[in-house]
Amino acid sequence: MKVEVYKRLTYGCIVLLLAAIIFMTHIRDILESNVTDSIDIRRASIATPSTKFQNKVGNTIRILRATTVTLPANMQDEFCKLKSLSPKEAHEENLLLESIAWPPTPPLSSPHSLNNTSDPAHSSFTIIPKREGGQWHVGDKLEVLIKMSDSQGNPKSSGGDVLFAHLCNSTLGAGMAGQVKDYLNGSYSAAFTLLWEGSVQVKVTLVHPSEAVTELRRLNREHPDRIFFKSQFRSGPVSETTTCNVCLRPTQQPVCNYTDLHTGEPWFCYKPKELSCDDRINNFNGGYQEKVSTMEKLFKSGVNMKVSIPASGPPSVIVLPRQKDANNTSVESGPSGYYYQGVWRALGGTTVHQFNTSSAITRCLKGKVVHMYGDSTIRQWFEYFNATLPDLKEFNLHSAKQSGPFMALDYDNNIMVTYRCHGPPIRFSSVPTSELRYIANELDKVTGGSNTIVILGIWSHFSTFPIEVYIRRLQGIRRAVVKLLSRAPSTLVVIRTANPKALTLYEALTNSDWYSLQRDKVLRTMFKELNVHLVDAWEMVMAHNLPHNLHPQPPIIKNMINVLLSYICPKKGSCKKV
């Protein structure tokens with residue numbers, strides 16, 4: 001009896017097991033027509049343009065197979081893949097967007113006439129006479145009124161022009177940047193505190209008319225992919241190249257999803273026809289989409305782009321020594337410093353020491369590890385140390401000249417200096433996929449300590465994208481900086497700001513000073529509450545008499561390095577925090 005029951009139970013279990021196997025096989029066949037096998041999140045995934053990628057580090061996820069789909073029409077205008085934000089981060093982003101909100105600018109018609117466009121030749125600035133007349137002295141506040149007119153000589157009635165103002169005396173090697181205030185009615189002002197004796201000349205420059213800003217806004221909204229990137233895929237003798245971007249336009253072509261698992265930074269490439277997403281070997285600048293703008297006339301050098309505005313009266317004043325009964329000069333919310341005799345003098349914060357010899361620099365860096373992360377403007381600093389310090393020898397890592405990574409060592413003085421470029425978007429010629437590293441991830445690997453200096457500079461390669469892309473990148477970097485300073489509070493973190501540059505038509509449409517100015521404001525705001533130090537590249541380029549350049553000329557770089565070294569080796573009694 002017991003044996004019979006046992007046999008029946010055994011037979012029933014076998015039948016149930018077979019039924020379960022058949023059922024699971026059927027379910028698997030259904031799923032495989034729509035879904036890939038579960039894959040580890042650490043591998044590149046293939047997704048259709050409509051796939052939503054939820055970044056949960058360490059989880060195993062399922063990704064839809066690449067399929068042919070018809071995208072809704074409204075998706076064509078919103079193709080930038082932005083990583084999701086927490087409520088706190090979203091609130092911060094809104095505040096940042098409000099803080100950099102530019103005044104309304106005129107709509108453009110096609111074809112556009114320059115007749116009503118802000119014109120530097122018909123505009124002017126005036127130095128406002130000193131109250132109650134009298135002479136100018138060191139410590140006085142000098143104000144300049146700027147009046148904008150169109151090419152017909154008619155006064156403008158709205159704001160939004162991009163204007164730069166600065167004081168200079170080329171004989172004394174003196175200069176100072178000014179902040180321009182927009183009254184939204186065609187009038188602007190700039191204020192300066194006079195800080196040196198002798199002649200002081202005022203210079204006002206129209207960078208872009210307000211109408212050009214309208215076009216720059218449109219380009220980032222409608223053509224954030226006008227600079228595009230490519231990746232090569234290779235497996236054995238087979239090689240394919242496809243287009244990549246943060247902002248990848250939806251097509252019927254499958255997409256490889258290279259979203260970073262730790263930071264959540266998005267990056268996508270069209271999937272090659274034959275090869276796998278895992279066969280990607282590099283990333284490089286693919287080029288520029290021409291004919292994205294029909295408003296080239298708004299970006300003409302010598303006409304309406306980076307052109308000096310004439311003075312309606314004397315463009316300079318003579319400054320006498322400070323009056324004996326005058327109060328000490330207080331420069332509230334003004335410039336971070338100024339040049340005198342070609343040397344940058346900081347206003348507040350660390351006293352800038354002059355490291356004029358290689359031995360002085362070596363003494364400062366002795367026993368230090370200096371890690372640099374960022375774009376080519378940070379690579380300039382690595383190159384400066386490498387060229388200036390005879391005992392600092394670059395170790396040949398067989399890296400690409402543009403992207404690195406680079407390492408230089410001074411064994412006798414125990415100095416190590418490294419450079420690594422930031423992760424995509426990066427417009428360098430070619431970066432191997434193994435070297436595509438996000439700054440936040442690299443900072444998480446830094447032990448830190450009193451002998452560690454971390455230098456960051458990331459801005460130029462984000463100009464063509466919506467500002468939200470840049471905000472999210474900085475939020476990730478800031479989180480990593482907070483963690484670094486929490487585990488190693490004595491680590492010195494220095495951030496290089498953006499800087500103005502020479503503008504051609506191409507540069508204006510892809511890397512305009514207006515784009516850089518917006519990102520510079522965001523960067524300063526996001527890091528102002530942290531124990532980090534700024535090298536104010538923006539003002540150091542603006543205030544110098546040398547032409548603006550994406551990569552500033554050697555005299556400016558030397559002054560930047562002096563500021564950096566003054567943070568590392570401050571003078572006794574000077575304040576280290578800026």
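Close-up 1. Glu 442 is buried, with a relative accessible area of 9% (buried means under 20%, exposed over 50%, and partly exposed in between, with a 1.4 Å probe and protein chains only). Its partner in a salt bridge is Arg 437, with the closest N and O atoms 3.4 Å apart (a salt bridge is a side-chain nitrogen of Lys or Arg within 4 Å of a carboxyl oxygen of Asp or Glu). Arg 437 is partly exposed at 23%. Shared partners join Arg 420, Glu 435, Arg 437, Glu 442 and Lys 445 into one network of salt bridges. Before you move on, note that this is a predicted model, where local features need pLDDT of at least 70 and side-chain atom pairs count only at pLDDT 80 or more, while totals for chains, interfaces and linings use all residues. Residues are numbered from 1 along each chain as its sequence is written, and side-chain values use heavy atoms, leaving out hydrogens and water.

**Close-up 2. The salt bridge of Asp 513 and Lys 306.** Here the side chains of Asp 513 and Lys 306 meet, 2.6 Å from N to O. Asp 513 lies in helix H9 and Lys 306 in the loop between strands E15 (282-288) and E16 (307-308), so the pair ties together parts 207 residues apart in sequence (helices, H or I with at least four residues, and strands, E with at least two, are DSSP runs numbered from the N terminus). Asp 513 is buried at 0% relative accessible area, and Lys 306 is partly exposed at 24%.

**Close-up 3. The salt bridge of Asp 225 and Arg 249.** The closest N and O atoms of Asp 225 and Arg 249 are 2.7 Å apart. Asp 225 sits in the loop between helix H3 (210-222) and strand E11 (227-235), and Arg 249 in the loop between strands E12 (238-245) and E13 (255-257). Asp 225 is buried at 5%, while Arg 249 is partly exposed at 28%.

**Close-up 4. The lining of the largest pocket.** A pocket is an open set of points on a 1 Å grid over the protein atoms alone, where a 1.4 Å probe fits, with protein on both sides within 12 Å along at least five of seven lines; lining residues have an atom within 4 Å of a point. Of the 46 lining residues, Gln 179, Asp 520, Arg 524, Asp 536 and Glu 539 are the closest to the centre of the largest pocket. Helix H9 supplies the largest share of this lining, 7 residues.
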